[in-house]
Amino acid sequence: DPGLYLVSTPIGNLEDITLRALRVLRGASLVLAEDTRHTRALLSHFGIRASLHSFHQHNERHKQALVLRQLQQGAAIALVSDAGTPAINDPGADLVAAAAAAGLPVIPVPGPSAVLAALVASGLPTAQFLYCGFTAPKSGARRKQLTPLAGQPATLIFFVSPHSLVAALADAAAVLGGQRRCCLARELTKRHEEFWRGTLEEALAEFSARGPRGEFVLLVEGAAAGGGGGGAAGGEAGEGQILEAL
Ligand code: SAM
């Protein structure tokens with residue numbers, strides 16, 4: 001069927017591709033990829049030969065009109081990013097907005113995303129969460145980004161680049177409170193997958209010592225979770241009370 005298909009691809013483990021994703025990629029008249037070399041390798045692993053075209057932040061606007069015209073003519077076009085779900089900190093959001101505004105069908109083909117994989121295994125509350133994108137690369141901007149989030153009751157989810165992880169943890173501890181619980185989800189779905197859990201202060205000590213390597217998602221407990229003011233030590237206090245009661 002014609003339309004713009006947003007196809008999620010693995011974030012590490014190739015077994016996470018869905019049957020539907022393979023079918024859609026096989027049948028698409030055009031596959032738009034963030035990095036065509038990367039996607040070609042993925043597709044050839046599954047024996048798929050597709051017409052691949054680059055679609056990344058530098059040519060997104062330029063390519064948009066072209067893609068819309070093809071969609072209007074009834075093409076089935078698949079959009080993929082290097083890993084995970086397109087349009088989540090990856091190219092595609094503007095194209096989707098334009099296609100939707102033009103009344104063209106936009107079809108999600110759900111699958112892996114670092115955001116949800118990290119959240120569900122973090123052990124932090126999942127009822128409300130706020131995806132905050134990447135932490136800003138510089139400390140001043142990062143603190144400005146974090147300040148309005150200090151009172152936010154939802155679990156906070158950030159992408160963090162490994163080289164700024166330690167500095168980001170320091171800023172998060174300073175702005176959100178060092179006693180807040182957090183989780184670092186590292187190398188999701190890969191061989192060295194790890195969920196590190198503790199307070200922001202403990203995370204800072206741990207990752208300063210070991211030197212961060214790999215891909216990270218940082219999750220921080222929301223402000224009111226566990227009943228602690230500003231989220232500080234809410235979880236721990238609760239556990240202590242349970243132990244006393246026993
Ligand atoms: N659109 C993608 C998704 O839905 O997962 C996210 C793309 S974003 C450019 C890349 C960031 O996602 C990485 O810097 C890292 O923070 C996070 N990420 C992606 N894959 C990951 C993995 N396997 N383990 C941990 N974090 C990952």
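Visitor: In which hand does α7 pass α8?

Guide: In this model, which is a predicted one, α7 passes α8 in a left-handed crossing.

Visitor: What makes α7 roughly antiparallel to α8?

Guide: The axes of helix α7, residues 165-176, and helix α8, residues 200-210, cross at roughly 160° and come within 9 Å. Angles over 145 degrees count as roughly antiparallel, and therefore α7 is called roughly antiparallel to α8.

Visitor: Which residues of α7 and α8 make the contact?

Guide: From α7 the contact takes Leu165, Val166, Leu169, Ala170, Ala172, Ala173 and Leu176, while α8 brings Leu200, Glu201, Ala203, Leu204, Phe207 and Ser208. Sorted by class, the contact of α7 with α8 has eleven nonpolar residues, one polar and one charged. Because Glu counts as charged, Glu201 of α8, listed in the contact, belongs to the charged class.

Visitor: How do you know which residues surround the ligand, and which are the closest?

Guide: A residue is included if its C-beta atom, placed from the backbone, lies within 6 Å of the molecule, and 23 residues surround the ligand, the closest being Gly84, Ser113, Ala114, Phe159 and Leu188. At least two residues of this shell come from each of α5 (114-122), β7 (155-160) and β10 (216-220). By class, the shell around the ligand divides into eleven nonpolar, eight polar and four charged residues.

Visitor: Which residues does the annotation "domain: Tetrapyrrole methylase" cover?

Guide: According to the unreviewed UniProt entry, that annotation covers residues 4-203. Over residues 4-203 the chain is 37% helix and 22% strand, with the end C-alpha atoms 41 Å apart.

Conventions
Residues are numbered from 1 along each chain as its sequence is written. This is a predicted model: local features need pLDDT of at least 70, side-chain atom pairs count only at pLDDT 80 or more; totals for chains, interfaces and linings use all residues. UniProt positions are given in the numbering used here, feature names are shortened, and annotations may be inferred rather than shown by experiment. Helices (H or I, at least four residues) and strands (E, at least two) are DSSP runs, numbered from the N terminus. Axes are lines fitted to C-alpha atoms, for helices over the stretch in contact, and angles run from 0 to 180 degrees between N-to-C directions. Angles under 35 degrees count as roughly parallel, over 145 as roughly antiparallel, 65 to 115 as roughly perpendicular and the rest as oblique. A crossing is left-handed if the near helix is turned anticlockwise from the far one by less than a right angle, and right-handed if clockwise. Two residues are in contact if their C-beta atoms, placed from the backbone, lie within 7 Å.
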